[in-house]
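Please look at how the chains of this model meet.

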Amino acid sequence: MTNPLTTELFRRIDALPIVDIHTHVEWKTGTAASIGDILSYHYYTELTNSAEFQEGKFPFGDPEALTRQILPKLRFITNTVQYDWLMTISREYLGIAPSQWRPENWKAIYDRSVEIMGRREWRQEMVEKSRIVRVFLTNQYSDDLEGLDQSFYSPCLRTEPFILWIDRPQEREGLGRFLGHPIRTTDDLVAAIDKTFQKFVRHGMGYAAMSIPSNFQTYEAAAEDAQRVLDKAVSGTALDACDREVWGAWAMDRMCDACRKYERPFHLMIGVNRDVYQHGVPMGQDLFDSVNSMAGYEHILNKYVDVKFPTAVLADTSGLELTAAAWIRHNVYPSGHWWYSNQPTDIAREVRRRINAVPQNKIIGYFSDAYYLEFILPKFRMYKYELADALAERMERSLVHPNMEPFSLDDAMALAEQMLIKNPAEIIGIPGL
Amino acid sequence: MTNPLTTELFRRIDALPIVDIHTHVEWKTGTAASIGDILSYHYYTELTNSAEFQEGKFPFGDPEALTRQILPKLRFITNTVQYDWLMTISREYLGIAPSQWRPENWKAIYDRSVEIMGRREWRQEMVEKSRIVRVFLTNQYSDDLEGLDQSFYSPCLRTEPFILWIDRPQEREGLGRFLGHPIRTTDDLVAAIDKTFQKFVRHGMGYAAMSIPSNFQTYEAAAEDAQRVLDKAVSGTALDACDREVWGAWAMDRMCDACRKYERPFHLMIGVNRDVYQHGVPMGQDLFDSVNSMAGYEHILNKYVDVKFPTAVLADTSGLELTAAAWIRHNVYPSGHWWYSNQPTDIAREVRRRINAVPQNKIIGYFSDAYYLEFILPKFRMYKYELADALAERMERSLVHPNMEPFSLDDAMALAEQMLIKNPAEIIGIPGL
Amino acid sequence: MTNPLTTELFRRIDALPIVDIHTHVEWKTGTAASIGDILSYHYYTELTNSAEFQEGKFPFGDPEALTRQILPKLRFITNTVQYDWLMTISREYLGIAPSQWRPENWKAIYDRSVEIMGRREWRQEMVEKSRIVRVFLTNQYSDDLEGLDQSFYSPCLRTEPFILWIDRPQEREGLGRFLGHPIRTTDDLVAAIDKTFQKFVRHGMGYAAMSIPSNFQTYEAAAEDAQRVLDKAVSGTALDACDREVWGAWAMDRMCDACRKYERPFHLMIGVNRDVYQHGVPMGQDLFDSVNSMAGYEHILNKYVDVKFPTAVLADTSGLELTAAAWIRHNVYPSGHWWYSNQPTDIAREVRRRINAVPQNKIIGYFSDAYYLEFILPKFRMYKYELADALAERMERSLVHPNMEPFSLDDAMALAEQMLIKNPAEIIGIPGL
């Protein structure tokens, strides 16, 4: 049965300011312009495409048409937590009661959303109402960061182009343009990484990040071998699995070198299988592999003893492996609950594992992964409820458990605050927090 | 503590008619003839053989002797859910109180069971009492289906002989007899599949099904390569792992072709390791592998965009992988809780994952896997209790959860009915439901 | 919310005597000499090293300095169950309130511990107070066992030197010294095993045990192949992965031969990755692999039909695999909850799985893995609380579950006693229990 303590704890935890260490928010806009933007989030398009197939095709360029098209399909997903996020946005921000979400109301909902979200003050109002104080971004090396509000946003470098995509001519040429000359040697790649870090650090860099394929391998790869792979890529020859592995291992080390040099963490996001569902919506074509070992990371975790590796895992099967790694490895920090694992069942288990076995100063509670600022509050509330429930259980257990001293409401709040604010601030190093 | 809402919800869910989309019931008999038949179910022989070893040997041909022999060993398994199924059968159908299950009472129990189960009306009474309205079968291509009551039974084609066992002379010759001439070419195999589907469709075919080894691979295999494997098999040369993989991949596609042509689903049952325990009872020699990736199914899931794939997984480690697949892939439907995962702990977790993240019109709640109709009720009750518990939790959470609107008793019942009846009816296409 | 039945059940279960079938206790001392010994347990050094890195270096030779150094770091791990164990030791044995554990009190705590633990009667008092009646040890073949109190301690043979370390000259020479002549042939190895068993059996041997790397393979390996590997090792040539596998498989069978001959169980501890964290404290450098199949054990489990294999698994992903193995295989016994899986979240799940699906006479509830006798009580209490909680849930469910008969407090206690005392006594064969 529902624990009354959970409600009380949630109320208090919900009142804490939000530090969101990983999002895909576009800093120049930040918020959605309409409910059509909200509904374009891949969760809604992928779930409705899954429920009632339309070959992954939605009118993404036309938010109004998208709203009209998706609304009738939402009835299939009212059971999901993703629908609950949407209803929180509707209730809290648009003032539209969930009962109003009927297909025939699509136009009224759309118009209302444009009215609310179109206001000049919208972003500020929403951020204040939601108590969002710091948002980390996901940026390409080439992103325009001029004018970024460093007191609110922290840019984070997405490292896939350097490590995974060197054989894609467009990506390689993009890197070359950024560097000022074509990428032809491994030194060029190192120079491109360095130039990128200089740029990002100038704009208040959060960390380097990578969404990493299942069973990625890190090891000491020779520059000569990497050069040979690069030559092959430049010449237009297709890389084989072995080439990719060598390049990945070598470039990963170079990225870690830069993290060390610029004293920035490297946020690992482990275990995605990209582009496996051909008929999916954009961003809704990726899955994960339950067969995924973290053993492949031993090399960098050992070698880069002074680099911090906040780590999120996609597979439930990696949950205890991550807890164990954070338990003994000083530079691994369990971070949030990612994507397919970002639902109550798996959050509940992992929160308890981490609280029971990882030093409390190492746990980074949550990040939203949001594409618009509006998603931050509902997603954090989902997590905060599970955290409140785990802490409430701990409080009650502590009164009767043979090994425990009383764990008070204050203790619970202190731990919640540490996981949600202090740890991110200290581990990543957030100025002003 | 036990939730009173669970009890109320269970009461209501238990009153729903039962649609059982996967059993091993023999349609010509259906019910057990005595408690000896019930006890011959591999769960009882394997658990008692495990508890007190007798080299997997029981008097399977003599139900009375089997009863006498197993009864004293049941004391070792009174803790199991399988024993609870047996007690439900005893209480509900035989009117024998669980307290009567003592070794010295074996004869009375046996006689009573023969008396009850031997009555001409037994099957009808039992089915009505249990509110079983539709039962899916497991059939070989060669099974006699003449006279099958299509208003109650749906035959389902077991596809292993076509896909896995082509190198077994007896199986291949059986297929040849069914086709009318020996299987010598890949075209012969296709013709045998087609003839099988024609026969099954004529008898109200449910779907094609396969119990698939761990880490099975699907991909586009060339007919020439398959022919070469078939030649090898026909010539009596042992197939190697690579041959098997090629044949499996090629034949799997041909089976999917037929599912497409005849518009029937393909029910995947993923992850069994057959014949690994040498000293086990019949049907009690198989296990699963925790290392099992669903990535091997990408090919068919993408290619057969118009074929529905209800999917059950054997390993707990495949649970979230299945939820994620059903969440984004339009043609994957999570189906029931299979075998080693068919116990409260793993059901409870998977039910919650599915309800939280899979479109509600895609979840097939449960199937019994029963060998006699008598097992359907106790197994469904086990599931329904876990479902009721998950829905009760959801109702209570909805009253306090920051993201949720009230989830009423009616909402809970609607979802339960959808998972247990409407979805199977719509996904598989059950006439009259 | 906390279940009052849990508390009542815990109280009763806690009153049972403790049979601890796996520890690393040094029989000649048994207890710690001071809190410095307690804090030298790798859990405290690894967790504090993880929380505040000091390159795994602690003054292990100086318990007083160690105490002073670790105490200020304990604030980072007050959330962990390992800290709870420490507080139980402090409260129950030292009479020091948890609130006293402040850095400035380190000297007082240390002095008090020396005073208490230094008393001649300490061991006896502690054992009696904790109701510890039987403790199994972890011993090398060469350990001095003369004078061992067989009414309290059972020596268990660690088999890694024979199976995994034959290429380490020091280990091989040690074996040779024990045997009386150098290990040069496979027959020598068999003779060394035999001599070891004779010695251990003379001292009341518990069982043979092995902490086994992830994905270990067992199969019928030829003595000639093993001899070739041994020759290579003796000649000083490095073994490759294939050599190691062959030797491992061959030597594993020889160890099983000895278990059969001397009628002793072989306790498998499956799934460790040794020495993967370079900067860790001693004993704090090992992790596990979530990708670990038990399929590699099929050979020995089938071949040694008359050898008992109590089995513990390190990975959560092996939990249901172990339950399923114990469910059908007569000679696999799920044993305790090991290391990274030895925390409430994973214990709670596995206890329920085992109680629901493994014959009750096959479940070995728990072992402490303790390095000092003082750890046995707090660790057993952690387990006993989870067991009480699972049994309380079962009692309450039984009152409303459609398939269950009432499961009374007496039933619950009988099951607990079986798992904690009777099963270990019968499965391993403990004289006097």
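Between chain A and chain C, 29 residue pairs are in polar contact, both residues being at pLDDT 80 or more. A polar contact is a pair of N or O atoms within 3.5 Å; within protein, one must be able to donate a hydrogen and the other to accept it, and residues adjacent in sequence count only if both atoms are side-chain atoms. On the side of chain A that touches chain C, the elements giving two or more residues are helices H13 (298-303), H14 (319-328), H15 (344-357) and H16 (376-400) of chain A. Helices (H or I, at least four residues) and strands (E, at least two) are DSSP runs, numbered from the N terminus. That side of chain A consists of 18 nonpolar, twelve polar and twelve charged residues. Here Ala, Val, Leu, Ile, Met, Phe, Trp, Tyr, Cys and Pro count as nonpolar, Asp, Glu, Lys and Arg as charged, and the others, Gly among them, as polar.

The model is predicted: local features need pLDDT of at least 70, side-chain atom pairs count only at pLDDT 80 or more, and totals for chains, interfaces and linings use all residues. Residues are numbered from 1 along each chain as its sequence is written, chains are lettered from A and ligands numbered from 1 in the order in which they are written, and side-chain values use heavy atoms, with hydrogens and water left out.

Contact (heavy atoms within 4.5 Å) joins 42 residues of chain A to 54 residues of chain C. The contact of chain A with chain B takes 54 residues from chain A and 42 residues from chain B. Buried area is the accessible area (1.4 Å probe) that two parts lose on being put together, summed over both. For chain A and chain C this area is about 4,100 Å², with 54% from carbon and sulfur atoms. In chain A, Trp327(A), Ile328(A) and Asn403(A) lose the most area to chain C, together 20% of what that side buries. Chain A and chain B bury about 4,000 Å² between them.

Five salt bridges are found across the interface of chain A and chain C, and five between chain A and chain B. A salt bridge is a side-chain nitrogen of Lys or Arg within 4 Å of a carboxyl oxygen of Asp or Glu. The table gives one from each interface.

| Salt bridge | Closest N and O atoms |
|---|---|
| Asp346(C) with Arg353(A) | 2.6 Å apart |
| Asp389(A) with Arg397(B) | 3.8 Å apart |

Between chain A and chain B, 29 residue pairs are in polar contact, both at pLDDT 80 or more. The side of chain A that touches chain B divides into 23 nonpolar, 19 polar and twelve charged residues.
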